[in-house]
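Q: Could you walk me through this chain, starting with how the model should be read?

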Amino acid sequence: MIYDAIIIGAGASGLYCAAHLNNKNVLIIEKNKRIGLKVLASGSGQCNLTHGGYMNAFFGHYGANKAFVKSALNAHTNKNVVDYFESCGVKCFERPDGKVFPVSLKAGDVVDALKRACSKVVVKMETRVISCEKAATHFVVKTDQGEYLSKALVVATGGRSYPSLGATGDGYPIAEAFGHTIVPTKPGLTGIVTRLKTHATLQGVSIDGVALTLNRQGQKPKLYHGALLFTHFGLSGPVVINNSRDFDRGDTLLINFLASPSDIVEGHFIETTNLNGDKPISFYLNQLKLPDVLKSLIMADAVFDRDAKLSTITKLQRKWLVQQLTGYVCEIESLIGYQQAMVTVGGISCDEVDSKTLESKLIKGLFFIGEVLNVDGDTGGYNLQWAFSSGFAAAKKILIDIEVD
C-alpha cells in the first residue's frame, strides 16, 4: 500500500495536518504511547491555543524568522483556529491578556477533538522511525515495526524541549539525510541561571515593567521591556523567557528596575535631597515602588549607611545607587536546559522550505511543520498557532497534489 501521506509525529502540528487530510489515505507514526503529549502539558494543562488580536500584531512574536511565518499565519489565522476547534465542540474564550483557552481549561479536550477529527487516519503508536528515503515516485519510511510507503512525507517531530515528553530532535537527522541544513539548537522560552548566587534571597520576587539591556562584547546592546521574576536559580518572567532566544552563556544583563533613564532617576534623587536633606536615605528608597527585599539586597553592598542623611551622600555614592537601580549587573551562567524550556530555538533552516506550503525546496513532496523548523514564538499561544497554521498549510498543498495526480 502507498499512503497519500505519512506524518511523523502526533503532536499539535502533525495532528492538525492529519485532521485536514482525514478523508485521504494517511498514516501517522508516533514513537510515544499517547498522542499530543506536549499539547496536554501546554498552558499548565489548560492549553493556551492561540492569541487574540489582529494577525499583523503576531509577526513580531517570532524572533528573526518573523517574515517566514507570515504566509502560513495569514492563510490560517487565530480566528480560523478558534472557529475550527469550536466546530469540533471545543468552545473557547479569550482572557484579558489576549490568551485564548478552551472554556473547560482542559488540554485533554483539545487533544480529544483532534483525535476525533483524525478518525479515518491510521495511527501507529510506539513506532520508531529508523530512516526515510525518496524513491522515484514515493517515500520509503523504515521503522522498527516495518516499512511504509507514501506519496508525501510530513516531518512533525518537534524540537528538543521537554525530552520527557518525547521531544528529542528526531526530525533533524531525517532532514539532514535529505540534504537540509540544521541551524544549531538551544533551549528557548526558558529562564537563566545567573552567576550571582545572592539572587536566591529574592526567590519569588516579581517586578512589573523593568527595562533589560543585553550587553555582548562586539555587539550593539539590545533593550527589552517586561515583567521580571527572581527564582532560586536566577531570573525568569516574561522579559527573560520571551527573549531567551537572544541570550547565551557569558552575556551580561543590565536590569533597570525603574524603567527610567538614569539621569531622570538621579535628578529625582537630587530633588528629594534638596527638599528633605535631613531625612535618611531610606526616605528616598521608600518612594520607589520596589520590593523591600530588593532594596535591602542593593543596600547590602552600599558603602554608606542606610540611615545616613540624604544631605551627606556624596556624588560618587549617589551615582553608585542610581547605577544599582537602573543598571544592576547580572552575568548569565547558563540557560535552563531542554527539560524545562518551552520551545527549541534553531532547527531546520527556513531558507530551504517554502513559506507558503511548508514543502521542502530540495525534495518535492517532503514537508516540515511546527517546532522542527527554526521557528520559535513568544509565550501566549504563538507556538501552538504556528503548529496549527503550518500543519494546515502542508495539508492544503498535499490535497492539491493529490488532485493533480
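Predicted model: local features only at pLDDT ≥ 70, side-chain atom pairs only at ≥ 80, totals over all residues.

A: Residues are numbered from 1 along each chain as its sequence is written, and side-chain values use heavy atoms, with hydrogens and water left out.

Q: How many helices and strands are there?
A: The protein chain holds 12 helices and 18 strands, taken as DSSP runs numbered from the N terminus (helices: H or I, at least four residues; strands: E, at least two).

Q: What does the C-alpha trace span?
A: About 90 × 40 × 35 Å along its principal axes.

Q: And what share of the residues is buried?
A: Of the 405 residues in the protein chain, 54% are buried, meaning under 20% relative accessible area, with exposed over 50% and partly exposed in between (1.4 Å probe, protein chains only).

Q: Which residues of H1 are buried?
A: Helix H1, residues 12-19, is mostly covered, with eight of its eight residues buried; they are Ala 12, Ser 13, Gly 14, Leu 15, Tyr 16, Cys 17, Ala 18 and Ala 19.

Q: Changing topic, where is Leu 254?
A: Leu 254 is placed in strand E15, which covers residues 252-256.

Q: What is Leu 254 in contact with?
A: Leaving aside neighbours within four places in sequence, Leu 254 is in contact with Ala 211, Leu 212, Thr 213, Asn 215, Gly 327, Tyr 328 and Val 329, where contact means heavy atoms within 4.5 Å.

Q: How far apart are Leu 254 and Asn 215?
A: In sequence they are 39 residues apart, and in space 7.6 Å, C-alpha to C-alpha.
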